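I opened this entry to record what I looked up in the structure, working from the overall fold to single residues.

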Amino acid sequence: MPQSLLRNHVLKTLSSEDFARLQPSMHHVELGIKAQLEVSYQPIERVYFPEKGIASVVATMTGGRQSEVGIVGHDGMTGVAVILGQDKSPNETYIQVAGNGWILPVEALRFAIAESQSLRESLLRYAHAFFIQSSRTALVNGHSKIEERLARWLRKREFPRTFCC
């Protein structure tokens, strides 16, 4: 797939050299509803770059209460912990709205990040943007009525914000 035809913003905005580092290891994948992309406290083996659909990043409290702390659509990617040099996340990530995207083994991403300062910087900008989104999500979840929270989620679904790169 030529980079110019991609819908995923993270992949589309990488330099052609950085995209070429990732492309040989990337594979297209269908993302069915409830597909588990990351399991809390388990090694992250793959990162996903959605083209269509939405993944929810969910935190779980002792006792099982859960809250969505982030959303990943065609403007982002999973695996922020990997970008930051970790191999696990305390959160789980699963598909809320079915779609498709690109999958990349973590080892291929780590190798490419080690080779390219520009790739590392692009992905760190995305990680920063994701943390801003997560803090806003927590703020809205803690202080907004259910109608406002639903409206925010629907806006993300229809008009995802572009944060990175």
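Entry 1, fold. I note at the outset that the model is predicted. I counted 6 helices and 5 strands in the protein chain. Read from the N terminus, the order is α-α-β-β-β-β-α-β-α-α-α. Of the 165 residues, 43% are buried. I then checked contacts with a separation of 6 or more: 76% of them join residues 24 or more positions apart. The accessible surface is about 9,000 Å², and carbon and sulfur atoms hold 54% of that area.

I found 35 residues in the largest nonpolar core, where Leu 11, Leu 22, Met 77 and Leu 109 have the most contacts. Helices H1, H2, H3, H4 and H5 and strands S3 and S5 each give two or more residues to this core. I looked up Leu 22 in particular: leaving aside residues up to four places away in sequence, Leu 22 touches Leu 11, Leu 14, Leu 104, Leu 109, Ala 112 and Leu 119.

Which residues of H4 are buried? I listed Val 106, Ala 108, Leu 109, Ala 112 and Ile 113 within residues 106-115. Down the axis of H4, the buried residues fall within an arc of 160 degrees, so they line one face of the helix. On the face turned away from that side I recorded Glu 107, Phe 111 and Ala 114 as exposed.

I located a nonpolar patch of about 260 Å² made by Leu 84, Leu 124 and Phe 131. Leu 124 lies in helix H5, residues 117-143.

Note on methods. Residues are numbered from 1 along each chain as its sequence is written. This is a predicted model: local features need pLDDT of at least 70, side-chain atom pairs count only at pLDDT 80 or more; totals for chains, interfaces and linings use all residues. Side-chain values use heavy atoms; hydrogens and water are left out. Buried means under 20% relative accessible area, exposed over 50%, partly exposed in between (1.4 Å probe, protein chains only). Helices (H or I, at least four residues) and strands (E, at least two) are DSSP runs, numbered from the N terminus. The arc is that of the directions from the helix axis to the C-beta atoms. Patches are made of residues with over 30% relative accessible area and no salt bridge: like charges are joined within 9 Å, nonpolar side chains (Val, Leu, Ile, Met, Phe, Trp, Tyr) within 5 Å. Accessible areas come from the Shrake-Rupley method with a 1.4 Å probe; for residues, only the protein chains shown count as cover. A salt bridge is a side-chain nitrogen of Lys or Arg within 4 Å of a carboxyl oxygen of Asp or Glu. A nonpolar core is a set of buried Ala, Val, Leu, Ile, Met, Phe, Trp, Tyr and Cys residues joined through side-chain atoms within 4.5 Å. Contact means heavy atoms within 4.5 Å.
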